[in-house]
Amino acid sequence: MKRLTEVHHGEISLDSKPGVGSVFTVLLNVSDDAFPQSSYISDDKVIVPISEYKFSQSMKGLADDIATNEKVSELTKGKMNLLIVDDNEDLLSFLANYFSHKYNVITAHNGAEALEKARTENIQLIVSDIMMPEMDGIELCKTLKGDMQTSHIPVILLTAKSEPDDVVEGYKSGAEAYVSKPFEPQILELQIKNIISLLQVRQMEIANSQEAENEATTSTLTIIDRKFIKDINDLVEANIGNSDFAIIDITQHLGVSRSLLHAKMRSLMNMSMGDYIRKKRLDYACQLLRETHSVAETAYKSGFADPNYFSKVFKKFMGVSPTEYINQ
């Protein structure tokens, strides 16, 4: 009772007399300004029956089978981690079962819980309701996009609000997509697939871009992630000839953990930091060889302490030896 009273911004007191009895007094504030506007019931929180979320029998059977399959943990190994956030337990369970055949599904019941999981789990994409207790979906999205730990995670917002202003607010928060309730699960699934496909294209463009601030490539990124990519490029290029340059130098310079560096590199470029450094060095080596530098000189200038090792690495990734590359 005490917790319920506090939730309603009220007060509770007890008057107890031994041998007589106890009287609990509850005072509730019923004025218009007792609660923030976000706490009022709106169209967004109209309960949509699960029956309105239609899907094919084949997909339903698959979802049901997986939900009861004892080998679910094995099936989800290596799959993308999808965080689904909704305070409607029925819808949350429904979506978790539906998507478990393709993704490793993690659930949260409000924005605050989702934020904690996004910071501690390796989440690749988030699907979140908007109207929730403790932290709503808009605030969750804004917080995610403003935090180095989570700014790279794509977000899809779900809501019954479909007015233009509501949609604009959703996109302003940084969301990649906005889906109106009720929806067919297949539509949401296609939204997820499309976002993943676009991310993969962007990853290739960023990894292969010769310009750290290529606006065409990074325009859809958050300010935090654009700065991250620029700082990474600047740091690697400044140390391109330093054979002692290592990942620890990057983590110390940027003030991030090795695990966070790995997560952001995988999300933004789909490669490890070590692979990216090697790629930048080999790209620079190709430039030096085209400028008629010798193999040994090219090796040292591009950060390889041993010309023989450089030749082996070059041939492995370029398909030809440095000498053959020069002749071509």
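**Close-up views of charged pairs and cysteines**

**View 1. D275 and R278 within helix α13.** In this predicted model, D275 and R278 stand three residues apart in helix α13 (residues 273–290), so about one helical turn separates them. The two residues form a salt bridge in which the closest N and O atoms are 2.6 Å apart. D275 is partly exposed, with a relative accessible area of 30%, and R278 is also partly exposed, at 26%.

**View 2. A network of D86, D129 and K181.** Salt bridges that share partners join D86, D129 and K181 into one network. The structure's count of salt bridges comes to 12.

**View 3. R119 paired with D147.** The salt bridge between R119 and D147 has its closest N and O atoms 3.1 Å apart. Because R119 belongs to helix α5 (residues 111–120) while D147 lies in the loop between α6 (137–145) and β6 (155–159), the pair ties together parts that are 28 residues apart in sequence. R119 is partly exposed at 34% relative accessibility, whereas D147, at 15%, is buried.

**View 4. D225 paired with K264.** D225 and K264 form a salt bridge, with 2.9 Å between the closest N and O atoms. D225 lies in helix α10 (residues 223–238) and K264 in helix α12 (residues 258–269), so this pair ties together parts that are 39 residues apart in sequence. D225 is buried, with a relative accessible area of 1%, and K264 is likewise buried at 1%.

**View 5. The cysteines C141 and C286.** C141 is buried, with a relative accessible area of 0%, and C286 is buried at 5%. The structure holds zero disulfides.

Notes:
Residues are numbered from 1 along each chain as its sequence is written. This is a predicted model: local features need pLDDT of at least 70, side-chain atom pairs count only at pLDDT 80 or more; totals for chains, interfaces and linings use all residues. Side-chain values use heavy atoms; hydrogens and water are left out. A disulfide is a pair of cysteine sulfur atoms within 2.5 Å. Buried means under 20% relative accessible area, exposed over 50%, partly exposed in between (1.4 Å probe, protein chains only). A salt bridge is a side-chain nitrogen of Lys or Arg within 4 Å of a carboxyl oxygen of Asp or Glu. Helices (H or I, at least four residues) and strands (E, at least two) are DSSP runs, numbered from the N terminus.
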